[in-house]
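Subject: Structure handover

Hello,

Here is the structure we talked about handing over. My notes on it follow below.

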Amino acid sequence: MAEADLKSMGELEEEKKELDVDRPLRVYADGIYDLFHFGHARSLEQAKKSFPNAYLLVGCCNDEVTHKYKGRTVMTQEERYESLRHCKWVDEVIPDAPWVINQEFLDKHKIDYVAHDSLPYADTSGAGKDVYEFVKKVGKFKETKRTEGISTSDIIMRIVKGYNEYVMRNLARGYTRKELGVSYVREKRIMVNMGLMNLRNKVKEHQEKVNETLNTVAKLQEEWVENADRWVAGFLEKFEEGCHSMGTAITEKIRGSFTGQSGLIQYDDYDYDYVVDDDDDDDDDQFVDADEQQYENENEIEKEDNVEKKEIKESDP
């Protein structure tokens, strides 16, 4: 409720003194309260807080009166009464409340003020008179503010708007079409429509996933174009380092193999052939000077040539 619509605490206290300072003020609010929602609760909160020490009575019309003057309700009268009893702002619920308030009703329940929003509500006369006209004239009306965006009619409209979906949901939960008041043909038509709707939603979802994938690919392509040179240069640098390391390792491996297996050993600028003894005894390895060996071989060859020449000479007549 806006501050401009609230009376000062001093004015409220003065009104209380005029009535009775020794007891709480009895404030009455009434309504149908079908599909009880937070808009109802807020209006009752305003009524409860209209005075510092208020006792809130809430009247609720029965099904007969409501159906006659307003129309069919979703909840039964007992369900509506019970909903009100569980609202923390309500001190007392008055069932079978009258559609139009009169002095007799005010006296019976010792009501000091009636709280409701200021919109006119038609009485039973059919002349369009306001049901709260009497209490307004006698100065016992306390205005409350409606909560925008929520009402029983709005809730029913949402249900009607999503009728097919709610029918399918309840059929899936085990309700029969008879319990839902749906004919066989209507049930099948709803099922076909819901199947088409589900298919449409799946196609839409698939399209969104495809678009998301395309966007991701486009971003990756853009990132590649922006960073390609840097990535290629980095790759080549790493590749060159790897090749260098591999070449060094291979070179070291080859050198190690030659060092451990070669039979040629350099010592004091002389070459020696390393001779391995194949016998199983423990004879020492022998080293022979390569130049000496060559010299001896040449002498042997020369001697053989001389012998052959001598033999040829002696054989001639």
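The model is a predicted one.

Helix H2 spans residues 38-48, and its buried residues are Gly39, His40, Ala41, Ser43, Leu44, Gln46 and Ala47.

Two backbone points may be worth a look. Most residues other than glycine have a negative phi. Tyr33, not a glycine, has a positive phi of about 55°. Tyr33 lies in the loop between E1 and H2, and it is buried because its relative accessible area is 6%, where buried means under 20%. Lys110, also not a glycine, has a positive phi of about 50°. Lys110 sits in the loop between helix H5 (103-108) and E4. With a relative accessible area of 61%, Lys110 is exposed.

Trp224, Val225, Trp231, Val232, Phe235, Leu236 and Phe239 make a nonpolar patch of about 740 Å². Phe235, one of these residues, belongs to helix H9 (residues 184-261) and is exposed, at 54% relative accessible area. A negative patch is formed by Glu296, Glu300, Glu302, Glu304 and Asp305. Within it, Glu302 is placed in helix H10 (residues 290-315); its relative accessibility is 48%, so it counts as partly exposed.

Regards

Note on methods. Residues are numbered from 1 along each chain as its sequence is written. This is a predicted model: local features need pLDDT of at least 70, side-chain atom pairs count only at pLDDT 80 or more; totals for chains, interfaces and linings use all residues. Side-chain values use heavy atoms; hydrogens and water are left out. Patches are made of residues with over 30% relative accessible area and no salt bridge: like charges are joined within 9 Å, nonpolar side chains (Val, Leu, Ile, Met, Phe, Trp, Tyr) within 5 Å. Accessible areas come from the Shrake-Rupley method with a 1.4 Å probe; for residues, only the protein chains shown count as cover. A salt bridge is a side-chain nitrogen of Lys or Arg within 4 Å of a carboxyl oxygen of Asp or Glu. Lys and Arg count as positive and Asp and Glu as negative; His and the chain ends are not counted. The place of a charge is taken as NZ of Lys, CZ of Arg, CG of Asp or CD of Glu. Helices (H or I, at least four residues) and strands (E, at least two) are DSSP runs, numbered from the N terminus. Buried means under 20% relative accessible area, exposed over 50%, partly exposed in between (1.4 Å probe, protein chains only).
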